[in-house]
Amino acid sequence: KGQRASVDGGNRKRAILAFLRNEFPLHKKSMWGQKYFKDLDSTLRDQIHDYRMRVIIYEDMPASMIGLTFRTTNTVTEVNQQEMRNSYGNDLLATFIRRMVRVIPQVGNSTHLLYDVKSITKDGEMRFRYLAFNNHRLKMEDQLARIVHRVIAGETPGVSPDKALNEMYDTVGPIWEKNPDEQAKVEKKVKAALDFFLKIANAANTRRGGQGLTIGQFSLLTRVYFHMREKYGEFKVNDYLAFWDQFARAFLSVES
């Protein structure tokens with residue numbers, strides 16, 4: 001009821017509700033067989049309905065505290081750094097990064113075209129039009145968080161360690177709440193960077209038969225982009241196919 005965010009346990013809560021709505025049956029090896037909830041006898045259905053769950057509700061919890069609570073209490077399931085950062089709920093920075101990469105069904109947002117989904121396999125795995133990797137364990141969002149960090153750092157090349165990204169998530173959202181113009185400025189620069197990567201990816205698709213950029217190529221391209229921003233400021237690429245050809249040769253030499 002109302003506007004509440006799930007700090008932890010969202011998958012489990014959704015699975016319980018989905019079972020009660022008869023969206024999937026029990027496993028065929030369960031003691032009751034492969035039955036939907038509606039097919040169980042009334043006594044068992046009543047027992048399930050009467051089961052009491054312990055839920056802790058926090059009132060007026062800031063996004064930074066939501067993230068801290070998730071990080072300090074999630075000790076059962078191994079969670080990577082970006083998955084922890086994703087726990088910042090409706091924080092403005094977390095929301096921007098999340099919605100740039102993936103469609104949130106409840107919101108109906110549009111992602112940046114770089115993250116356009118080409119197809120979905122029978123197993124539910126997404127294949128992307130311009131990228132040869134997916135967002136499993138939030139890899140794409142981790143990459144984007146690092147791009148945002150470099151933009152905030154002045155569009156300069158450099159590393160973005162997890163400690164610095166965590167500090168960014170702790171501080172930037174509240175700053176944006178007080179200064180929407182700062183948010184708009186950062187978002188504009190991030191989208192300009194993604195537009196650049198999209199043009200390179202399109203050239204890569206032309207040369208590679210639509211395979212898209214690998215995660216290694218994308219990571220190196222971000223470093224190239226911020227190097228060029230620092231050295232030239234505003235720059236223009238006249239021939240993206242020629243740019244890709246030279247980049248691909250350089251990448252092979254680095255990779256080997």
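1. Glu234 counts as exposed, at 68% relative accessibility. Its salt-bridge partner is Arg229, with the closest N and O atoms 3.4 Å apart. Arg229 counts as buried, at 16% relative accessibility. The cut-off for buried is under 20% relative accessible area, so Arg229 falls on the buried side at 16%.

2. A word on the model and its overall layout. This is a predicted model. The protein has 10 helices and 2 strands. Along the sequence the order is α-α-α-α-α-β-β-α-α-α-α-α. The C-alpha trace spans about 70 × 45 × 30 Å along its principal axes. Of the 256 residues in the protein, 37% are buried.

3. Side chains of opposite charge can pair when their charged atoms come close. The whole structure holds 14 salt bridges. One of them pairs Arg85 with Asp162, where the closest N and O atoms are 3.3 Å apart. This pair links distant parts of the chain. Arg85 sits in helix H4 (residues 81-85) and Asp162 in helix H7 (residues 162-178), 77 residues apart. Arg85 is buried, with a relative accessible area of 1%. Asp162 is partly exposed, with a relative accessible area of 29%.

4. Helix H6 carries a local pair. Asp142 and Arg146 form a salt bridge, 2.9 Å from N to O. Why are these two separated by about one helical turn? Because they are 4 residues apart in helix H6. Asp142 is buried, with a relative accessible area of 17%. Arg146 is partly exposed, with a relative accessible area of 25%.

5. Back to the pair that opened this note. Glu234 and Arg229 form a salt bridge. Elsewhere, salt bridges that share partners join Arg85, Asp142, Arg146 and Asp162 into one network.

6. Next, the packing of helix H6. Two packed helices are described by the angle between their axes and the distance between the axes. The axes of helix H6 (residues 139-152) and helix H8 (residues 180-208) come within 10 Å and cross at roughly 125°. That angle makes H6 oblique to H8. The crossing of H6 and H8 is right-handed.

7. Which residues make it? Ile16, Tyr51, Met53, Val55 and Ile57 do, over about 560 Å². Ile16 lies in helix H1 (residues 10-20). Ile16 is partly exposed, with a relative accessible area of 39%. Patch residues need over 30% relative accessible area, so Ile16 clears that cut-off at 39%.

8. Last, His227. This residue lies in helix H9 (residues 215-232). His227 is partly exposed, with a relative accessible area of 40%. How far apart are His227 and Glu59, in sequence and in space? They are 168 residues apart in sequence and 45 Å apart in space, C-alpha to C-alpha.

Key:
Residues are numbered from 1 along each chain as its sequence is written. This is a predicted model: local features need pLDDT of at least 70, side-chain atom pairs count only at pLDDT 80 or more; totals for chains, interfaces and linings use all residues. Side-chain values use heavy atoms; hydrogens and water are left out. Patches are made of residues with over 30% relative accessible area and no salt bridge: like charges are joined within 9 Å, nonpolar side chains (Val, Leu, Ile, Met, Phe, Trp, Tyr) within 5 Å. Accessible areas come from the Shrake-Rupley method with a 1.4 Å probe; for residues, only the protein chains shown count as cover. A salt bridge is a side-chain nitrogen of Lys or Arg within 4 Å of a carboxyl oxygen of Asp or Glu. Buried means under 20% relative accessible area, exposed over 50%, partly exposed in between (1.4 Å probe, protein chains only). Axes are lines fitted to C-alpha atoms, for helices over the stretch in contact, and angles run from 0 to 180 degrees between N-to-C directions. Angles under 35 degrees count as roughly parallel, over 145 as roughly antiparallel, 65 to 115 as roughly perpendicular and the rest as oblique. A crossing is left-handed if the near helix is turned anticlockwise from the far one by less than a right angle, and right-handed if clockwise.
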